[in-house]
Amino acid sequence: MPIEIERKFLLRGDSWRDAIERSEHLVQGYLVGAAALAAGLARASVRVRLAGDEAWLNIKAARLGIERAEYDYAIPPADADTLLATLCDGVLGKRRHHVTVDGTLFEIDEFLGDNAGLVVAEVELPRSDAPFPRPPWLGREVSALARYYNVNLITHPYARWTQAERDANDGANP
């Protein structure tokens with residue numbers, strides 16, 4: 001079973017922008033999304049993602065934490081367009097920037113639309129206790145806060161967050 005080990009962080013400042021290697025625009029929606037997960041009706045989220053002329057169907061275990069089962073399948077971009085337009089309850093857009101620090105790739109997602117202003121760095125690791133660089137722009141970890149999961153940003157976008165939610169000052173993951 002493929003396991004994704006991913007940690008998420010808020011950022012301090014914009015100095016990471018000087019190290020961007022490449023960027024891409026992503027659009028994604030969920031066939032099984034936050035409402036089904038919150039109601040306990042699903043054990044996985046099912047995402048459609050489109051990036052340029054490539055598209056994927058992604059199935060990810062519905063659990064909090066940095067380790068989750070994840071499956072990715074390439075699909076035709078035309079199918080992704082149709083799925084996003086007809087079967088998803090909302091679509092999320094973001095600009096993904098690739099930044100490598102000491103051989104470790106950070107994917108920095110700069111969200112668009114109702115999530116504009118939210119910027120999150122993700123790092124995938126080979127194991128949960130694997131060391132990784134901590135550049136000065138890497139801020140507070142938010143891996144355990146469900147509101148930062150993309151599936152939840154469609155139903156509870158950043159534009160509607162309280163200041164405590166924006167500051168990650170809700171007592172979780174201090």
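Select H97 first, together with the residues that it touches when those up to four places away in sequence are not counted: W16, R17, I20, R22, S23, F106, E107, I108 and E110, where contact means heavy atoms within 4.5 Å. H97 lies in strand β6 (residues 91–101), with helices (H or I, at least four residues) and strands (E, at least two) taken as DSSP runs numbered from the N terminus. With a relative accessible area of 6%, H97 is buried; buried means under 20% relative accessible area, exposed over 50%, and partly exposed in between (1.4 Å probe, protein chains only).

The model on screen is a predicted one, in which local features need pLDDT of at least 70 and side-chain atom pairs count only at pLDDT 80 or more, while totals for chains, interfaces and linings use all residues. Residues are numbered from 1 along each chain as its sequence is written, and side-chain values use heavy atoms, with hydrogens and water left out.

Staying on H97, show the side chains of S23 and E110: the side chain of H97 makes a polar contact of 2.6 Å with that of S23 and another, of 2.8 Å, with that of E110. A polar contact is a pair of N or O atoms within 3.5 Å; within protein, one must be able to donate a hydrogen and the other to accept it, and residues adjacent in sequence count only if both atoms are side-chain atoms.

Next, move to D102, in the loop between β6 and β7 (104–111). Is D102 buried or exposed? Its relative accessible area is 73%, so D102 counts as exposed, and its phi is positive, near 50°, in a residue other than glycine.

Now select strand β3 (residues 44–51), where seven of the eight residues are buried. On one side β3 runs antiparallel to strand β2 (residues 22–32), to which five bridges join it, and Q28 stands opposite R49 of β3; two strands pair if DSSP finds at least two bridges between them. The pairing of β3 with β4 is also antiparallel and extends over eight bridges, with L50 opposite A55 in β4. In the hairpin of β3 and β4, which has two residues between the strands, G52 has a positive phi near 65°.

Of its 34 lining residues, Y30, R47, K60, R68 and N150 are the closest to its centre. Strand β4 (residues 54–61) supplies the largest share of this lining, five residues. By class the lining has 13 nonpolar, five polar and 16 charged residues, where Ala, Val, Leu, Ile, Met, Phe, Trp, Tyr, Cys and Pro count as nonpolar, Asp, Glu, Lys and Arg as charged, and the others, Gly among them, as polar.

On a 1 Å grid over the protein atoms alone, a pocket is an open set of points with protein on both sides within 12 Å along at least five of seven lines, a cavity is a set where a 1.4 Å probe fits but cannot get out, and lining residues have an atom within 4 Å of a point. Grid points are joined across faces, edges and corners, and a volume is the space filled by probe spheres set on the points.

Finally, select E4, E6, K8, G65, I66, R68, S143 and Y149, which line the largest cavity, a space of about 50 Å³. A search of the whole structure finds one cavity of 30 Å³ or more. Strand β1 (residues 3–11) gives the largest share of the cavity lining, three residues.
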